[in-house]
Amino acid sequence: LALEGEDGPLAPLDLRGVASDHADGWYVATGDSVLHGSAVGCVRTVATCEGGELYGLAISPDGSALFVADCDNNKIRRVEVATGAVTTLA
């Protein structure tokens, strides 16, 4: 998957999880970060998880939060879409 970022084309992404935002955009887990690709091709970093290895991704029914598996630390992380705040659920 190649996307355009603020600085031009992004390198092909190492996809670890993908979820729809229900507005023709996508959230993508890529190793230690979660990105959002909008319907018009804009990409932004939603959150990073230093020292983690993110796999899998799910979105809450209302779209306000993402749930990501941090396999290196055996944790489930909640990411607030609006702020990028990351909390540990389990």
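Ser20 is found in strand β3, which covers residues 17-20, where strands are DSSP runs of E with at least two residues and helices are runs of H or I with at least four, numbered from the N terminus. The model is a predicted one, in which local features need pLDDT of at least 70 and side-chain atom pairs count only at pLDDT 80 or more, while totals for chains, interfaces and linings use all residues. Residues are numbered from 1 along each chain as its sequence is written, and side-chain values use heavy atoms, with hydrogens and water left out.

**Around Ser20**

- Ser20 is partly exposed, because its relative accessible area is 23% (buried means under 20%, exposed over 50%, and partly exposed in between, with a 1.4 Å probe and protein chains only).
- Apart from neighbours within four places in sequence, Ser20 is in contact with Gly25, Trp26 and Ile59, contact meaning heavy atoms within 4.5 Å.
- Ser20 and Ile59 are 39 residues apart along the chain, and their C-alpha atoms are separated by 7.7 Å.
- The side chain of Ser20 also reaches the backbone nitrogen of His22 at 3.0 Å.

**Overall make-up**

- The protein has zero helices and 10 strands, and of its 90 residues 39% count as buried.
- Among the contacts in the protein with a separation of 6 or more, 21% are between residues 24 or more positions apart.
- The protein exposes about 5,100 Å², of which carbon and sulfur atoms supply 55%; accessible areas come from the Shrake-Rupley method with a 1.4 Å probe, and for residues only the protein chains shown count as cover.

**Nonpolar core**

- The largest nonpolar core has 14 residues, of which Tyr27, Val34, Leu54, Leu57, Leu66, Val68 and Val79 touch the most other members (such a core is a set of buried Ala, Val, Leu, Ile, Met, Phe, Trp, Tyr and Cys residues joined through side-chain atoms within 4.5 Å).
- Strands β4, β6 (43-48), β7 (54-59) and β8 (65-70) each supply at least two residues of this core, and β7 gives the most, with three residues.
- Leu54 touches, beyond residues up to four places away in sequence, a set of residues including Arg16, Ala29, Val34, Cys49 and Val68.

**Salt bridges**

- The count comes to three salt bridges, each being a side-chain nitrogen of Lys or Arg within 4 Å of a carboxyl oxygen of Asp or Glu.
- The side chains of Glu53 and Arg16 meet in a salt bridge at 2.2 Å, N to O; Glu53 lies in the loop between β6 and β7 and Arg16 in the loop between β2 (8-9) and β3, so the pair ties together parts that are 37 residues apart in sequence.
- Glu53 counts as partly exposed at 22% relative accessibility, whereas Arg16 is buried at 17%.
- Arg77 forms a salt bridge with Asp70, with the closest N and O atoms 2.9 Å apart, and both Arg77 and Asp70 are buried.
- Arg78 forms a salt bridge with Glu80, with the closest N and O atoms 2.5 Å apart; Arg78 is partly exposed at 25% relative accessible area, and Glu80 is partly exposed at 26%.

**The loop residue Ser60**

- Ser60 is found in the loop between β7 and β8 and counts as buried, because its relative accessibility is 8%.
- The side chain of Ser60 reaches the backbone nitrogen of Ser64 at 3.2 Å, and, leaving aside neighbours within four places in sequence, Ser60 is in contact with Ala65 and Phe67.

Definitions and conventions. A polar contact is a pair of N or O atoms within 3.5 Å; within protein, one must be able to donate a hydrogen and the other to accept it, and residues adjacent in sequence count only if both atoms are side-chain atoms.
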